[in-house]
Amino acid sequence: MAGRPAIGNERKLNYAYADLHVGMSFRSPGRTITDADLVAFAGLTGDYSELHTSDVYAKSSQFGRRVAHGMLGLAYAHGLMWARTGELRETAIAFLGITDWKFVGPIFVGDTVFVNYRIAELRDSKSRPTQAIATFEVELVNQDGKVVQRGRKALLVSKVPLTAVEASKAPSMSQDA
């Protein structure tokens with residue numbers, strides 16, 4: 001997404017389908033990667049590769065220090081997007097998939113990562129007239145703006161209000177209390 005105008009600081013929550021358009025850009029809040037993240041991810045996945053878990057090994061590697069698991073970065077990229085921002089809470093139905101995902105550079109303990117994402121394609125669902133598919137170009141960047149991962153993610157979105165969103169809203173307080 002290099003060469004595109006900077007993403008503004010304005011953030012709106014709960015975009016409706018009618019608000020969405022190709023070229024629409026977003027930026028997530030940041031998340032600093034900690035040692036606890038690497039240890040927890042290794043435990044969760046069983047990936048105890050020494051590049052992630054051994055200072056001695058990693059110091060002698062081409063990176064010179066421990067590197068976060070690539071899949072940890074991908075997982076955080078996903079979590080920092082729609083679920084964290086609330087921008088698509090009113091429209092997002094389901095994550096459909098990833099294409100062309102590349103692990104471009106290392107993520108180190110202490111790095112803060114952000115996600116820049118842009119709607120690259122928006123098309124009607126072929127089987128469900130009240131739904132559409134939004135495809136996003138995604139970049140996971142570090143605090144220096146360096147791209148560490150990138151690819152495309154597809155999201156199933158609703159063209160009509162989601163009953164699940166309405167059902168999860170807190171009931172209003174009664175004036176009789």
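Does D100 count as buried, partly exposed or exposed, and at what relative accessibility? D100 counts as exposed, because its relative accessibility is 55% and the cut-off for exposed is over 50%. The notes below concern a predicted model.

1. **D100.** This residue is found in strand β3, which covers residues 92–103. D100 has a positive phi of about 55 degrees, although it is not a glycine.

2. **The largest nonpolar core.** This core has 31 residues. Among them, I33, V115, Y117 and F136 touch the most other members. Five elements each supply at least two residues of the core: the helices α1 (35–45) and α4 (70–85), and the strands β4 (112–124), β5 (131–141) and β6 (147–158). The largest share comes from α4, with seven residues. As background, nonpolar side chains in soluble globular proteins tend to be buried together.

3. **Helix α1.** Which residues of α1 are buried? They are D37, L38, F41 and A42. Seen down the axis of α1, the buried residues fall within an arc of 130 degrees, so they line one face of the helix. The general rule is that an α-helix has 3.6 residues a turn, so residues three or four places apart point the same way. The face of α1 turned away from the buried side carries the exposed residues A36, V39 and L44. Just after α1 comes G46, with a positive phi of about 80 degrees.

4. **Aromatic pairs.** The whole structure holds four aromatic pairs. In one of them, the rings of Y15 and F26 have their centres 5.9 Å apart and their planes at 80 degrees, so the pair is edge-to-face; the cut-off for that class is over 60 degrees. Y15 lies in the segment before β1 (25–27) and F26 lies in strand β1, so the pair ties together parts that are eleven residues apart in sequence. Y15 counts as buried at 13% relative accessibility, and F26 counts as buried at 3%.

5. **F26 and Y117.** How far apart are the ring centres of F26 and Y117, and is the pair stacked or edge-to-face? The centres are 5.1 Å apart and the planes are at 20 degrees, so the pair is stacked. This pair links distant parts of the chain, with F26 in strand β1 and Y117 in strand β4, 91 residues apart. Both F26 and Y117 are buried. Ring pairs also join Y15, F26, Y117 and F136 into a cluster.

6. **Charges over rings.** The charged end of R27 sits over the ring of F114, at 4.2 Å from the ring centre. R65 lies over the face of F108, and here the distance to the ring centre is 3.7 Å.

7. **Salt bridges at R66.** A search of the whole structure gives six salt bridges. One of them joins the side chains of R66 and D35, at 2.5 Å from N to O. R66 lies in the loop between α3 (55–59) and α4, while D35 lies in helix α1, so the pair ties together parts that are 31 residues apart in sequence. R66 counts as buried at 16% relative accessibility, whereas D35 is partly exposed at 35%. D35, D55 and R66 are linked in a network of salt bridges.

8. **Salt bridges at E137.** Which residue forms a salt bridge with E137 at 3.2 Å between the closest N and O atoms? That residue is R118. E137 lies in strand β5 and R118 in strand β4, so the pair ties together parts that are 19 residues apart in sequence. R118 is buried, with a relative accessible area of 12%. E137 also forms a salt bridge with R152, where the closest N and O atoms are 3.8 Å apart. This pair links strand β6, which holds R152, with strand β5, which holds E137; the two residues are 15 residues apart. R152 is partly exposed, with a relative accessible area of 25%.

9. **L122.** This residue has its place in strand β4. L122 counts as partly exposed at 22% relative accessibility, because buried means under 20% and exposed means over 50%. Leaving aside residues up to four places away in sequence, L122 touches Y17, L20, H21, V22, I133 and A134. L122 and V157 are 35 residues apart in sequence, and their C-alpha atoms are 9.6 Å apart in space.

How values were computed
Residues are numbered from 1 along each chain as its sequence is written. This is a predicted model: local features need pLDDT of at least 70, side-chain atom pairs count only at pLDDT 80 or more; totals for chains, interfaces and linings use all residues. Side-chain values use heavy atoms; hydrogens and water are left out. A nonpolar core is a set of buried Ala, Val, Leu, Ile, Met, Phe, Trp, Tyr and Cys residues joined through side-chain atoms within 4.5 Å. Buried means under 20% relative accessible area, exposed over 50%, partly exposed in between (1.4 Å probe, protein chains only). Helices (H or I, at least four residues) and strands (E, at least two) are DSSP runs, numbered from the N terminus. Contact means heavy atoms within 4.5 Å. The arc is that of the directions from the helix axis to the C-beta atoms. Rings of Phe, Tyr and Trp (its six-membered ring) pair if their centres lie within 6.5 Å; planes under 30 degrees apart count as stacked, over 60 as edge-to-face and the rest as tilted. A charge sits over a ring if NZ of Lys or CZ of Arg is within 6 Å of the ring centre and within 35 degrees of the ring normal. A salt bridge is a side-chain nitrogen of Lys or Arg within 4 Å of a carboxyl oxygen of Asp or Glu.
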